[in-house]
Amino acid sequence: MKELTYPFDERQIRALKAGDAVEISGLVHTGRDKFHKFFADGGKIAVDFRDGALYHCGPVCVKAGDGWRVVSAGPTTSVRENPYEPKFIASSGVRIIIGKGGMDAATLAAMKKHGCVYVQAVGGAGALYAASVKRVAGVDLFEEFGAAEACWHFEVEGFRGVVAMDAHGNSLFDKVASASDALLREIL
Amino acid sequence: MNTVEKLAGLIRETSSSLPEDVESALAKAKRREQGGSSASVVLGTVLDNVRLARKLGSPLCQDTGTLAFYIDASLRRKVSPAVVKKAVALATTRGYLRKNCIDSVTGKSYDDNCADGAPVIHYVDWVEKGCVRLVLKGGGSENMSRQYSLPDSTLGAGRDIAGVRKCILDAVVKAQGFGCAPGILGVCIGGDRATAYEVAKEQLLRSLDASGESSDAVLRRLEKSILRESNSLGIGPMGLGGKTTLLGVRIASRPRVPASFFVTVAYMCWACRRGSLKFKV
């Protein structure tokens, strides 16, 4: 298990290999469909993503006093952000994308060029990931997009995942997909 | 406790507590995978999550999904659509459900998860007397459900059980990485397009234990062989590789007209949230 702590160091990120199990600690920002479209359309918020982590997640959060309690916060499917992610990686300097299902070749190439990895979180493990959020540091775009699509700023501890796309151009998904395709052709 | 509170309790229980047969299938799968592998790490995380969600009574997945109620028809008055909607709204306020219901034309959120057609409510004669059954099915898995029409020349699938098998295996391979494997398949062979999707989804109510196997010998054999063959493809939990791609397969058939032969696959993620509640009748 490799430990990664915000701010994420480019050399450490580039040294990761597809298949490595990791635990992430520190600041993680959520952003999904509306967030990506917002940036692609030229929108701006006062958040510095450089050396940071972006999490494809639409959490369940409930108000608790002045702050928030995160009830469930697992990953959402990442492919929907394929059209936007290469540009976001290039312009933001983000080092880790967390999500599920992996992303396309253009995103993989952008990761290689800019020093970024894709971490597969476990789909459905919402309660466990919520428990790894120690504090909600803030939220942007809440009024505009609602709770599930807002950009939440989570302080996490021991957030578990597997590097599925590394900064060397390797994707675990591609490897498994081509192997399983070959096996399927054999048994059909 | 009044009916609305009881139903809100059912929603919380269903959202936070995975059925025993599913949890035990996951635990068995974890033992089969090599220690330290991606598959083992993923399944370990899944099982930790299942235990934590149950302990906290929190949604085990943040996508609390489409709510589908299957209600004994004799409860139509006591458990009316209005009563069910009140319970759904209450469960949403309490954080048992995400605000998860969007108007498809305006894009606006129905913040109480209630609208025309939401939640989905079926009054049926095939659940136990006095019973309300509930399934929560997330969008990631719903997007992986498919319908095939035989013959299918790209798959080389003809109008027989061998053709049906090819369709189902194709659906498994196409779902990799996306459907939150290890998944569960509900399958309907035949029927018309609309009914077949309903029937395929209903199969997800059946237990993964031997008690849930098909009583038809041909379908039972097919359930077992599809499970074995899918798990030999190396797709694994979350599509990261491994021995566990499916936890179970449940198949039913419906008659068809001569011109149509549909194979319909309802893909369910490992978070197969089903619950039930019994009223005295």
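Q: Is E23(B) buried or exposed?
A: This is a predicted model, where local features need pLDDT of at least 70, side-chain atom pairs count only at pLDDT 80 or more, and totals for chains, interfaces and linings use all residues. Residues are numbered from 1 along each chain as its sequence is written, chains are lettered from A in the order in which they are written, and side-chain values use heavy atoms, with hydrogens and water left out. Buried means under 20% relative accessible area, exposed over 50%, and partly exposed in between (1.4 Å probe, protein chains only). E23(B) has a relative accessible area of 15%, so E23(B) is buried.

Q: Which residue forms a salt bridge with E23(B)?
A: A salt bridge is a side-chain nitrogen of Lys or Arg within 4 Å of a carboxyl oxygen of Asp or Glu. Here the N to O distance is 2.9 Å, and the partner of E23(B) is R54(B).

Q: How many residues apart in sequence are the parts that R54(B) and E23(B) tie together?
A: Helices here are DSSP runs (H or I, at least four residues), as are strands (E, at least two), numbered from the N terminus. R54(B) lies in helix α3 (residues 38-56) of chain B and E23(B) in helix α2 (residues 20-32) of chain B, so the parts tied together are 31 residues apart in sequence.

Q: How many salt bridges does a search of the whole structure find?
A: Side chains of opposite charge can pair when their charged atoms come close. Over all chains, the search finds 22.

Q: Which residue pairs with R95(A) in a salt bridge?
A: The closest N and O atoms are 2.9 Å apart, and the partner of R95(A) is D51(A). R95(A) lies in the loop between α3 (85-92) and β6 (96-99) of chain A, and the other residue lies in the loop between α2 (33-40) and β3 (53-55), so the pair ties together parts 44 residues apart in sequence. R95(A) counts as buried at 6% relative accessibility.

Q: Which residue forms a salt bridge with K137(B)?
A: K137(B) counts as buried at 2% relative accessibility. E142(B) counts as partly exposed at 38%. The closest N and O atoms of the pair are 2.6 Å apart, and the partner is E142(B).

Q: Where does L172(A) lie?
A: Its relative accessible area is 8%, so L172(A) is buried. Contact means heavy atoms within 4.5 Å. Not counting residues up to four places away in sequence, L172(A) touches residues of both chains, among them A18(A), V162(A), S38(B) and L240(B). The place of L172(A) is in helix α7 (residues 172-187) of chain A.

Q: How much area do chain B and chain A bury between them?
A: The contact takes 36 residues from chain B and 40 residues from chain A. Buried area is the accessible area (1.4 Å probe) that two parts lose on being put together, summed over both. Of this area, 66% is on carbon and sulfur atoms, and the total is about 3,100 Å².

Q: Which residue of chain A forms a salt bridge with D48(B)?
A: Across the interface of chain B and chain A, the rule finds one salt bridge. The closest N and O atoms are 2.8 Å apart, and the partner of D48(B) is R160(A).

Q: Which element gives the most to the side of chain B that touches chain A?
A: On this side of chain B, α3 and α6 (161-174) each supply at least two residues. With ten residues, the element that gives the most is α3(B).
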